[in-house]
Amino acid sequence: GDVQSNFLYPAFFATLGSAQSINDATYTKIEFDTEVLDSNGTYDNSSNYRFTPAVAGKYIVSLQISIDELDDQKRIEAKIYKNGSGINRAATQASLSGGNSFPYASTNGFIVDLDADDYIEGYAYQNQGSARNIRANAETYFGAFRIGTWF
């Protein structure tokens, strides 16, 4: 669209450029460093890994976290943070037979009210028992866009 529509309806989408190790049983900010889209230049992909929209409104937020391996009854969580506090999470728990371990993903979608200077971040949690890698590229992503003003 034109410059005006970009300004009024900010959007961003970022992926994880390379695997990120996260510790066991700790919510960890994921460093979404590869921008696919940043319509207004308001996503920080190099230091804080956060989206500060600059335009108030309701935003649809999408977060997916993929992990290398989970054993039976262990879980991966995708948690959306707003202004430094968790506001919504989605969890996927492994259910395995035969002792095999497989990659798993947890996907979280939510509508968030944001003021111009609010910010959102994507966090992950796993309870495998030791540090594990979050999978990179299209398997782990974070994005948001402002929805129409009729709400």
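Select Phe 7 first. Its relative accessibility is 49%, so Phe 7 counts as partly exposed (the class between buried, under 20% relative accessible area, and exposed, over 50%; 1.4 Å probe, protein chains only). This is a predicted model: local features need pLDDT of at least 70, side-chain atom pairs count only at pLDDT 80 or more, and totals for chains, interfaces and linings use all residues. Numbering starts from 1 along each chain as its sequence is written, and side-chain values use heavy atoms, without hydrogens or water.

Colour helix 1, residues 3-8; Phe 7 lies in it. Helices (H or I, at least four residues) and strands (E, at least two) are DSSP runs, numbered from the N terminus.

With Phe 7 they make a nonpolar surface patch of about 270 Å². Areas are Shrake-Rupley values with a 1.4 Å probe.

Next, Gln 20, in strand 2 (residues 20-22). Gln 20 counts as buried because its relative accessibility is 11%. Show its contacts (heavy atoms within 4.5 Å). Beyond neighbours within four places in sequence, Gln 20 touches Thr 28, Lys 29, Ile 30, Glu 31, Arg 132, Asn 133 and Ile 134.

Now the open sheet: four strands, order 3-9-6-7, antiparallel pairing (pairing needs at least two DSSP bridges). Strand 3 (28-29) and strand 7 (85-93) are the edges, each pairing on one side only. Zoom to strand 6 (residues 75-82), which pairs antiparallel with strand 7 over eight bridges. Finish at Arg 75, opposite Gln 93 in strand 7.

Conventions: Patch = residues over 30% accessible without salt bridge, like charges linked within 9 Å, V, L, I, M, F, W, Y side chains within 5 Å. Salt bridge = Lys/Arg side-chain N within 4 Å of Asp/Glu carboxyl O.
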